[in-house]
Structure formats: C-alpha cells, structure tokens
Amino acid sequence: MTITLTHFLIISAVLFSFGIYAVLTRRNAIMVLMGLELILNSANINFLAFSRFGGMNIEGQMAAIFVIILAAAEAAVALAIVLNIYKRFNTVNVDEISLLKD
Amino acid sequence: MIPELNIALAILLLPLVSFVLLIFFGKRFMEKSGLVGTTFLGIDLLLAIYIFFSKLAVETRWDFTFTWIDFHTVVNNVPLKIDIGIMVDNLTAVMLVVVTLISFLVHLFSIAYMKDDVRYSRYYANLGIFTFSMLGIVLTNNYLLMYVFWELVGLSSYLLIGHWYEKKSASDAAKKAFVVNRVGDLGFFIGIMIVWMQFSTLTFDGIFSAIGHGNIPFGSNTWLTAAGLLIFCGAVGKSAQFPLHVWLPDAMEGPTPVSALIHAATMVAAGVYLVARTFPMLTADALMVIAYTGAITAFVAASIAIVQNDIKKILAYSTVSQLGYMVMGLGVGAYTAGVMHLVTHAAFKAGLFLASGSVIYAMHHALHHLNDHHTDAQDVRFMGGLKSKMPVTFWTMTIFTLAISGVPLTSGFLSKDEILAGTLAYSHFTGHSLIPIIGFLVAGLTAFYMFRMLILTFMGEHHDKHRLDHIHESPRVMTIPLMVLAALSFFVFFSFNPISASQGWFFQKMTYPTVAVPEAIASTPTVEFIEEIHHQHTMAMVLSVAVSGIGILLAFVTYFWKKISADAFERALKPVHTFLYRKWFFDELYDATAVAATLGTARLLAWFDGTIIDGVVNGAGWLTKLVSVFSGKFDSYVVDGAVNFTAYFAGLLGLSVRKVQTGKVQTYMIFAIIGFMVLLALYI
C-alpha cells in the first residue's frame, strides 16, 4: 500500500479535530494552548504534504518553518498572559474568567 | 421777518419760559416762584405795551407766514400745503396788552393770596402756560395753530380750576369745564375741516380772500353758514354761551385770582375773540344765530345771578351774562362795540374778582382766627359792613360795580352803550326787536344784582360784631392791582368824550373788517349800519342810563333802605326763586340727558364687554384648555407609550439575547466554528 496525499490530509484533519476539541472542551488555559499547538501542527502537516505531493515544492516547507516560529512566539506570549491571569485571578480555569460578560 | 414780530414772539414765549422754569425747578425757587412768574409777566407786559403803541401808529398789518408742510399736490387748482405763522393787527395788539396786563396783575395779586399754598410754584407754572396759550390764540394767523392753542387753554384751565384737586368739588369742576369745552371744540374742529376741504388753506387771509372771490364751500350758501356756525361752536364752549355755559360757574372752585384770569382776560375772552376773527366769513343767518345765542345767554345768566348768595357765583353768572352781551354785540354786527366790551369788561371783571378775592381773604382770616369752620367765607349773607374795615377794596369794588352797571363816566358805559345802539340798529334793519328788549332788560338786571352784591357785602351791619374786629384790609400787593384796574375802568382810557366812544382811539383804530361773504347773504353793509348806530345812539344812551338807574335804585330800596322785603318776595314767588336759584335746572337737565345717556351707553358697553367679549375670550380660553387636556392625554399615553414601549421592547430583547454573551471565549469559538461550518455547508 502506497502512502498518498490523502493519508496525510486525513491525519492532518484528525489532528486538527483533536486540537479543536481540546480548545473547546478543556477548562485549563494551558490545555487550551496545547490544543492550539495541535491545530498549528495539523496545518504544518498540510503544508509539508502539499510540498511533497503537490506543486508547492520548497515554499511549503518554508511556510511550515514560519508557522513553527510563530507558534513559539505565540506560546511565549500566551504563557505570559496565562501567568498574569493566574496572578490576578488565582486560577487558570477559563470558565471562571468571565469578566467580558459583565 | 419784521423786527416787531420778533418781539411779539418773545411776548408769546416768555410765559412759556416761566412755565418751564417753574415746573422743573419749582422746588428750588420755593416761595420765590411768585416773584419769578411775576417778573416774567412784567417784562411781557412792557413788551406788549411797546408792540401796542408801535402797531397802532402804523396802518399796515404785520404778518409772517411760512409753509409748515407741503404736500406737493394740487387740489381744486390750489397747491395743498399747510401754512402757519403769526400776525399782529390792531385787534391782536389790544388783546396782547389786555392779556398780559390782567395776567400780570393776577400774578402780583396771587403773591399774597396764594402765599401759604401747598403747590405754590405749580400754581405759578400753570398761570404761565395759561397765559402762553392765550397769547398764542391772539397771535396766530391761522385756524390750525389757533385750534392747538385753543386746546392748550382748555388743558391749562383744567389744571388751574383743579388746583385744589384734593377737594372733590374742585376736581369735578375741572373735569366738567374740560368735557363741556370739548363739546364745543368738536364743532369748531368740524368747521375747520370744512374750511380746509374747500380752501386747502387755514390762514385767515387765505380763507377770507377765497370767499371774497366767490369761492364758497361746496358752492352752497348754507354750507358757508354752517361752517361759520360750527366755528362759533368753539366760542360757545370757551365763552360759556348758552347752552354750554354750565361749566363756568363751577369753575369758581379754582383759586379766586384764577377766576379773575379765566373770566376776564383769557379763556372766555378767547371765544369772543374767535367770533371777532371769524367775523368776515359769517353770513347774515349765522350772525342772527350768534346774536340770539348771546341774548339768551345774557338773560339766563342775569336772571340766575339775582338770587345767588355766593359772592363768586354772582360774579360768575355776571361774567356769563356779559359774555352773552359781547357775543350779542358781535352777532348784531356791532363789531367794534363787542370787542370794546371785551376789553373794558376784562378790566372791571378782573377787578371784581380780585376784589372779591380780597374780601374772601379777609373773611377767611377772620373766621380762621375765631376758629369758626362752619360759616361760608364766600356767602354774602354773612358779610355786610365791611366798608369801614376794607376801604380800598370797597372803593375799587364800587368803581367796578358802577362800570359793569353801565353808569356814565365809566368804561362799561361806553361799550355797553355801543352794543345797545347796535341792537337797536339791528332791529331797525331786520325787525328782530326781541334782541334790544333783552339787551336793555339785562342791563337793568345787571345793575340790580351787582348793587345787591355790593350792598350786602360792604354796607349795612355786620351781623357778628366780634368777627368784624378781626377783618383787616388786604396787604398792599393785593390792593395795588385793584387800584390799577379801578383806574382803567374810567372812560378816559378809551375815549376823551365821556358819553360817546365813537370818537375815541378804540373806534378809530378797531375798524370793521372787510366782510367777505357774498352780498346776497351778508348782513347789513357796514357803512349803513354804522350810520344807523349813530342815529340810535342817543336813544340807547338815555334808555340804558334809565334802566341801570332803575336797577340800582331797586337794589338800594330793597337791600339798603329795606323798604321792600326780599324775603317776602322770595316766599311769594317760591317756585320762581327755586327755579332761578337752581340755575334753571340746567345741571339737572344735563345730568338727566347727556350725562345719563353717556353713562347708560358706557354701562351698556361695559356689559357688552364683560359679557359678550369676555365671554368669547373666556370661551376660547376654555376651549383651548379642553383641547390641550386631550392633547396632553394623547401625548402622555399614546406618544409616550410608543416611546416607552420601544425602549421596553429593546430592553426585553436585550435581556433575552444577552444570555448568548457568556463571557466565555470557548463558547464564542463554538459559535464561530458552527457559523463557519454553516457557511461551508451553504457554499459547497
């Protein structure tokens, strides 16, 4: 059995769904951030798969590297925010941080 | 402008200056006010005498006219413009002296008489504007300015008669004088309007020359007569002629010197002066009406004067009677005689009033001294025997009484004689024999009631010996005017011939004006008339001396020797006495007719106003209120309801929708993803 583009895309879709699921269901902010990482990485898989099987060639890999860099930056900023939230509210449970509601 | 006219203008304006000074700075002058006013009038008198002599020396008339308003249109081939100006002819020159002289003496007299008055400076200010107005009447050369000054005289007489306005009777008398005068002025105004409509000019010259050229109002002789009579209406009001004479006796409520001024030289003289001025345009019919008006006035007033007890009331009715005489004189065509009687009467009537003022002053002080507040200081029945205590007042009063009674050697004799001769001539030409009969009858009555007053006041016994001790002669400042006026009551000032005035300067200078009306409707030509007067003169003189003599004799028999009992007569003729004492019931008649009608109309109008007009207004208000209540309800329920409901609905909507906004980021994301999936489902 040969591995085709479709397999990659299926894996990517599954990973994406896990990421979405984690973002939507986790109550812990850290867990939400981890879900985001999954989503970003599913996108990376897509980039690489299209770079290998599609016409994107090297540009796909370049985009993936950019995404990794972005993810690192995002993680750094997001974790800093989470730390601050924890300092302020003494919790990282996103359900309890509902200041926007009022 | 001729230099003399500048002086004439100064004569006119000096009293006005006095008025302005005293009305604005009267408080500062205080008791000096009298001196200020008197000084101004003294200068005025000197200027008037100067004008008098320089005018009588020349034949020409001084006239200055300028166009006040030019309408720049032409009506009836005459440019439509209003000319006004001043004029001095012989009549004006004489009147100037008369007015300023009497006014000056009244000013002088009042210094003592009004000394303790509360409104001393106001009094002098009013005297000033009164004199100014009167001088304006005699100086103007057109009916427009004359009407203006005419009304000013009415106003200032109102102020002076009502000087003691705290007294109800005084303020009523002032109102009465003003209102009654307005009645006459209405006719005067209509007359002026007719003249203006026809001739487009109001100057005397312009009107008379237009009539002289055959231009008469609306081409009708009747209109010319009507215009003359309407102008005469003004004189009826001002000169207190029947039937508008009722205001004058009431005007006695003013201070006595004011009575002297109003009843001798100003105001009442204005009416006679007006007739004299209008003389050239009066038709024979108009003159006849005027003559009869004068005769009726003279008789009615004389008959009332016989029974009055108030010294000032007697003099008031004698004034009305003498004014009737003047008007009658002018009416019959004896122009010069009428004007002359105006002048001679001015002197002795002013004197009579001032002398009565002197008596009242003395009586008042005596009564005041004895703390007697019940006795009337003006009632002749409480006087008597004042001769020895007030010699100057008595002797001057005697001279004035002789003059007004028409006793030879006095000025009154000269003028009255000429008027009576005129009435005889008039009856000779026209057959109206009633007029001379009334004339002679009134002459007798006048002599009777004047001597009655003199005897009751000064002779006989004073019925309260104690009071007589407190009566003193008035101060010098009051007696000097009396002496001056007494001197002027002698014949020499008017004619050197004591029995005939026709050779004197007055008749030489005061010639008949040229009659302007068409010959067909004019009265007897002047030349023939004067001729006839000369024929009748001796007869008139003899008759007038006889009737005056009888009148005087009767007065002495009744009141001095008491051979005839006046009381018995009074009881025997009770209805007649009451009729005369109540002044022929004129006041009652007018109260019942004119006053009641006016008040009735006023009440009707007030009812109409209060019920109908106010009803409509209030109804409209009520309706508006009703509508506004509805409108308010609509506003608060419908409009506000809609607005509130919108807000409430929006709030309700918000409440239900706000549940979506949980504040949870994950929920939002779910929405975003669901939304995305929906869009995806729609487009794929």
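Biologist: What radius of gyration does chain A have, and what would a compact globule of 102 residues have?

Modeller: Chain A has 17 Å, whereas a compact globule of 102 residues would have a radius near 13 Å. The radius is taken over C-alpha atoms, and the globule rule is 2.2 Å times the number of residues to the power 0.38. The C-alpha atoms of chain A fill a box of roughly 50 × 25 × 20 Å along the principal axes. Before going on: this is a predicted model, in which local features need pLDDT of at least 70 and side-chain atom pairs count only at pLDDT 80 or more, while totals for chains, interfaces and linings use all residues. Residues are numbered from 1 along each chain as its sequence is written, and chains are lettered from A and ligands numbered from 1 in the order in which they are written.

Biologist: What is the secondary structure of chain A?

Modeller: Chain A has 3 helices and 0 strands, running α-α-α from the N terminus. Helices (H or I, at least four residues) and strands (E, at least two) are DSSP runs, numbered from the N terminus.

Biologist: Why is N90(A) called exposed?

Modeller: A residue is buried if 20 or more other C-beta atoms, placed from the backbone, lie within 10 Å of its own, exposed if 12 or fewer, and partly exposed in between. N90(A) has 8 other C-beta atoms within 10 Å, so it is exposed. N90(A) sits in the segment after helix 3 (58-89) of chain A and has a positive phi of about 65 degrees although it is not a glycine. Of the 102 residues of chain A, 10% count as buried.

Biologist: Why is strand 1 of chain B said to lie largely in the open?

Modeller: Strand 1 covers residues 62-75 of chain B, and of its 14 residues the number buried is 1, so it lies largely in the open.

Biologist: How do you know in which sense strand 1 and strand 2 of chain B pair?

Modeller: Two strands pair if DSSP finds at least two bridges between them. Strand 1 and strand 2 (residues 78-88) of chain B have 11 bridges, in the antiparallel sense. V74(B) stands opposite P79(B) in strand 2. The two strands of chain B form a hairpin with 2 residues between them, and N76(B) in the turn has a positive phi of about 55 degrees.

Biologist: Is T39(B) exposed, partly exposed or buried?

Modeller: T39(B) has 15 other C-beta atoms within 10 Å, so it is partly exposed. T39(B) lies in helix 2 (residues 33-56) of chain B.

Biologist: What is the peptide bond from F242(B) to P243(B)?

Modeller: That bond is cis, with omega near 5 degrees. P243(B) is in the loop between helix 8 (221-238) and helix 9 (247-250) of chain B.

Biologist: What is the predictor's confidence in chain B?

Modeller: The mean pLDDT of chain B is 85, and 100% of its residues reach 70 or more; pLDDT is the predictor's confidence in each residue, from 0 to 100. Among the elements of chain B, helix 18 (residues 465-468) has the lowest mean pLDDT (75) and helix 5 (residues 143-161) the highest (90). For the complex, the predictor gives an ipTM of 0.75 and a pTM of 0.75.
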